[in-house]
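Good morning, and thank you for coming.

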Amino acid sequence: MNASEFRRRGKEMVDYVADYLEGIEGRPVYPDVEPGYLRPLIPTAAPQEPEAFEDIINDIEKIIMPGVTHWHSPYFFAYFPTASSYPAMLADMLCGAIGCIGFSWAASPACTELETVMMDWLGKMLQLPEAFLAGKAGEGGGVIQVVATLGTTSCCSFDNLLEVGPICKKEDMWLHIDAAYAGSAFICPEFRHLLNGVEFADSFNFNPHKWLLVNFDCSAMWVKKRTDLTGAFKLDPVYLKHSHQDSGLITDYRHWQIPLGRRFRSLKMWFVFRMYGVKGLQAYIRKHIHLAHKFESLVRQDSRFEICAEVTLGLVCFRLKGSNQLNEALLQRINSAKKIHLVPCHLRDKIVLRFAVCARTVESAHVQFAWEHIKELAGDVLRVEKE
């Protein structure tokens, strides 16, 4: 889907949403379905080839809507209210377009600061004591919690599960595998070996919102024994009970987590998997890895630089040969120029520059431009050092 089609489909989706909400009174407020209704209506696996957007839209009414409880119907009086407004929907569209992941102020300042201020606004609406508020220099503050976070962040290194796993099993220790970034690559057969040993794990997690074209937030976690979670988080007040909860046919995800509510995140996955197909997603991963190896090759051709870690997926760790101060100066020049943006890491007490292939639209020309820019600035830094 390109920008032109997005404009057209976006308008169609806005019309669909507006029509849905305007006509919601005419829909049965509660779905007339039984547990398991949806599985026979969809294929048993994701499509290998992309599907048409029209087919997905048609399936919303045929497959999804029959199983929706219409919480915004004027006939809905159950549980508790759930908020809905057109401005909020528009904001969610913009959030998806910006696509930042606000793990630090520098990662996107507005993302951090607006959240801090909005939590103060809400705290004041609730007349919370000042100790709970961030203010200009307060020690309190609120945070909007959604997702807590095999390749490490610094250099995409991998633990040997075939060594760690048997030890954990022998000592009866819980083994959790976090493959937040790297996990998406495991859909490609040539990278699946990186997950060998997962059979020893008790739980496994990765983030489709990092590298599988599913917008933030979407973190996928599996456990071998669901009772390990539900036994800890089970919450069953009488007002949440329903007639099917003990049938063994359904899952109540409130028992899988600390929060009570959940967003309907699976819709994002459903759209992406259908419109790209497995082959399309694999091609996307492989393209990024190919571009990372292209950058690695460019670095290796310049004797002033060194590669600092094996390039396995889409991350290249490199540095100028020399002191940490030299590399800090190079990084400072790169980010001050604002033509590209890099962040560093520490590897074996050395400052290392990280080149991660990130954007969906990145091409070989962008990688080549970045390298030429880095080389030019490196020359400037080295000249200054000699003076």
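This is a predicted model: local features need pLDDT of at least 70, side-chain atom pairs count only at pLDDT 80 or more; totals for chains, interfaces and linings use all residues.

Which residue in S7 is the bridge partner of His-346? The partner of His-346 is Ile-351. Residues are numbered from 1 along each chain as its sequence is written, and side-chain values use heavy atoms, with hydrogens and water left out.

Let me stay with strand S7, residues 350-356. Strands here are DSSP runs of E with at least two residues, helices are runs of H or I with at least four, and both are numbered from the N terminus. Two strands pair if DSSP finds at least two bridges between them. Strand S6, residues 343-347, runs antiparallel to S7, and five bridges join the two. Two residues lie between the strands of this hairpin, where Arg-348 takes a positive phi near 50°. Strand S5, residues 315-320, is also antiparallel to S7, through four bridges; in that pairing Leu-315 stands opposite Ala-356. Five of the seven residues of S7 are buried, where buried means under 20% relative accessible area, exposed means over 50%, and partly exposed lies in between, using a 1.4 Å probe and protein chains only.

I turn now to another sheet. It is open, with three strands in the order S1-S2-S3 and mixed pairing. Strand S1 (176-178) and strand S3 (220-223) are at the edges with a single partner strand each, so one side of each has no neighbour in the sheet. Four bridges join S2, residues 203-206, to S3 in an antiparallel arrangement, and Phe-206 stands opposite Ala-220.

Next comes Lys-210, in helix H6 (residues 208-211). An unreviewed UniProt entry lists Lys-210 as "modified residue: N6-(pyridoxal phosphate)lysine"; such annotations may be inferred rather than shown by experiment, and positions follow the numbering used here, with feature names shortened. Is Lys-210 buried or partly exposed? Its relative accessible area is 37%, so Lys-210 counts as partly exposed. The side chain of Lys-210 makes a polar contact with that of Asn-207 at 2.7 Å. A polar contact is a pair of N or O atoms within 3.5 Å; within protein, one must be able to donate a hydrogen and the other to accept it, and residues adjacent in sequence count only if both atoms are side-chain atoms.
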